[in-house]
Amino acid sequence: MYATDRRTYVVQGKIVADLTALGDVRNLADDETLVEIDPALVRHLIEHYREHHAKG
């Protein structure tokens with residue numbers, strides 16, 4: 001995952017090519033794609049958010 005200068009994030013992952021998985025997706029815009037990411041990245045993002053952004 002990379003932070004941009006536009007205050008957004010870019011996620012690096014494998015392009016989803018499975019037609020069944022793609023068929024389940026709703027509201028994917030023409031300029032969007034899907035990427036598959038490892039669950040460890042999700043855990044890392046949650047911990048990072050808790051450490052740096054969560055209030056309380």
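Confidence first, everyone: the mean pLDDT of this chain is 89, and 98% of its residues reach 70 or more. That score is the predictor's confidence in each residue, from 0 to 100. What we have is a predicted model, where local features need pLDDT of at least 70 and side-chain atom pairs count only at pLDDT 80 or more, while totals for chains, interfaces and linings use all residues. Residues are numbered from 1 along each chain as its sequence is written, and side-chain values use heavy atoms, leaving out hydrogens and water.

Within the chain, confidence is lowest in strand S1 (residues 2-3), with a mean of 85, and highest in strand S3 (residues 14-15), at 92. Strands here are DSSP runs of E of at least two residues, and helices are runs of H or I of at least four, numbered from the N terminus.

Now to helix H2, residues 39-52. H2 has 14 residues and reaches 20 Å from its first C-alpha to its last, close to the 20 Å expected at 1.5 Å a residue; that expected span is 1.5 Å times one less than the number of residues. At the start of H2, a side-chain oxygen of Asp38 comes to within 2.7 Å of the backbone nitrogen of Ala40.

How many salt bridges are there? The count is two, taking a salt bridge as a side-chain nitrogen of Lys or Arg within 4 Å of a carboxyl oxygen of Asp or Glu. One of them joins Arg50 and Glu47, whose closest N and O atoms are 3.0 Å apart. Why can these two residues meet? Arg50 and Glu47 are three residues apart in H2, so about one helical turn separates them. Arg50 is exposed, at 53% relative accessible area, whereas Glu47 is partly exposed, at 38%. For those words, buried is under 20%, exposed is over 50%, and partly exposed is in between, with a 1.4 Å probe and protein chains only.

A salt bridge also links the side chains of Asp5 and Arg6, at 3.8 Å from N to O. Both Asp5 and Arg6 are exposed.

Next, the surface. Met1, Tyr9, Val11, Ile15, Val35, Ile37, Val42 and Ile46 form a nonpolar patch there, with about 670 Å² of accessible area together. Of these, Tyr9 sits in strand S2 (residues 9-10).

Last stop: Gln12, in the loop between S2 and S3. Is Gln12 buried or exposed? Gln12 is exposed, with a relative accessible area of 56%.

Notes
Patch = residues over 30% accessible without salt bridge, like charges linked within 9 Å, V, L, I, M, F, W, Y side chains within 5 Å. Areas by Shrake-Rupley, 256 points an atom, 1.4 Å probe, with all protein chains shown as cover. Polar contact = N/O pair within 3.5 Å; in protein donor to acceptor, adjacent residues only side chain to side chain.
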